[in-house]
Amino acid sequence: MSKHHTVRRHTPRSLAALDTPIVSLTAYTTPMARLLDPHCDLLLVGDSLGMVVYGMESTLAVSVDMMIAHGQAVVRGSQKACVAVDMPFGSYQESPQQAFRVAADIMARTGAGCVKLEGGQEMAPTIEFLVQRGIPVIGHIGLKPQAVHAHGGFRTIGRGSEAEQVMADALAVEKAGAFAVVIESTMEPLSRAITEALGIMTIGIGASPQCDGQILVAEDMLGLFPDFTPRFVRKFANLGQEVDRAVAEYAQAVRTRTFPGPAECVGMPKAD
Ligand code: KIV
């Protein structure tokens, strides 16, 4: 007989019932998920992994297979957080049917609790199609990294006349049935107004402290991604420097034959 133990994971429903802001970070691997899970309500397997893990220039070349492999790794490494997996570029924009096939595959093969997809009004029919078929969806508006070329770069969204479109996107995503929406790199007053206007959770990244939760790329806030740090990132640690120090020390120990030492070898006489 197999041994069962209950893992009480957050679900979209239990996240909505939280009376404190949702704590969310990206995670791409099992060891990182293990470290983040005790502190986070929501772990996002973001397609930002293309840039952070694979060194790509943008998220556009990330595949469904990559998202599934990393989604499985994060589900394995977590117990408590709800895990969301990003739908990558080209895997859902063609039709609601295409989106359903891919989202169902991601959910079935990773064990994730929901998917996230980028887009506002134009993606509302797709979000509705997924939600009506049992797939919880997080929307993503404001700066949509998969539309970086259309945006004209990674920039702040929502100045001037753009604000109306972003608000319309937020309302459309809610009406379509998404249970939460990520607002990325969007003017603070607009992000706050969206949070006030919506009944669903808003999760900000470069948005507003008034959002119902916050998300950052874990490597950014840990100081592990030196390539580019957006203004909205706060570095809570500088682990890149610590890794550099440790590896330099290791290299020195190898080159001077002080590593491995007697305690790290079997059958080596202890030094006097
Ligand atoms: O891909 C990602 O990591 C994201 C977050 C930045 C919200 O979408």
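Student: Is Lys 116 buried or exposed?

Tutor: This is a predicted model, where local features need pLDDT of at least 70, side-chain atom pairs count only at pLDDT 80 or more, and totals for chains, interfaces and linings use all residues. Residues are numbered from 1 along each chain as its sequence is written, and side-chain values use heavy atoms, leaving out hydrogens and water. Buried means under 20% relative accessible area, exposed over 50%, partly exposed in between (1.4 Å probe, protein chains only). Lys 116 has a relative accessible area of 2%, so the residue is buried.

Student: Which side chain does the side chain of Lys 116 join in a polar contact?

Tutor: A polar contact is a pair of N or O atoms within 3.5 Å; within protein, one must be able to donate a hydrogen and the other to accept it, and residues adjacent in sequence count only if both atoms are side-chain atoms. Here the contact spans 2.8 Å, and the partner is Asp 86.

Student: Which residues does the UniProt annotation "binding site" cover?

Tutor: The entry is unreviewed. UniProt positions follow the numbering used here, feature names are shortened, and annotations may be inferred rather than shown by experiment. The record lists Asp 47, Ser 48, Asp 86 and Lys 116.

Student: What is the largest C-alpha distance among them?

Tutor: They are spread over 70 residues of sequence. Yet they cluster in space, with a largest C-alpha distance of 12.4 Å.

Student: What is the relative accessible area of Ser 48?

Tutor: Ser 48 is buried too. Its value is 16%.
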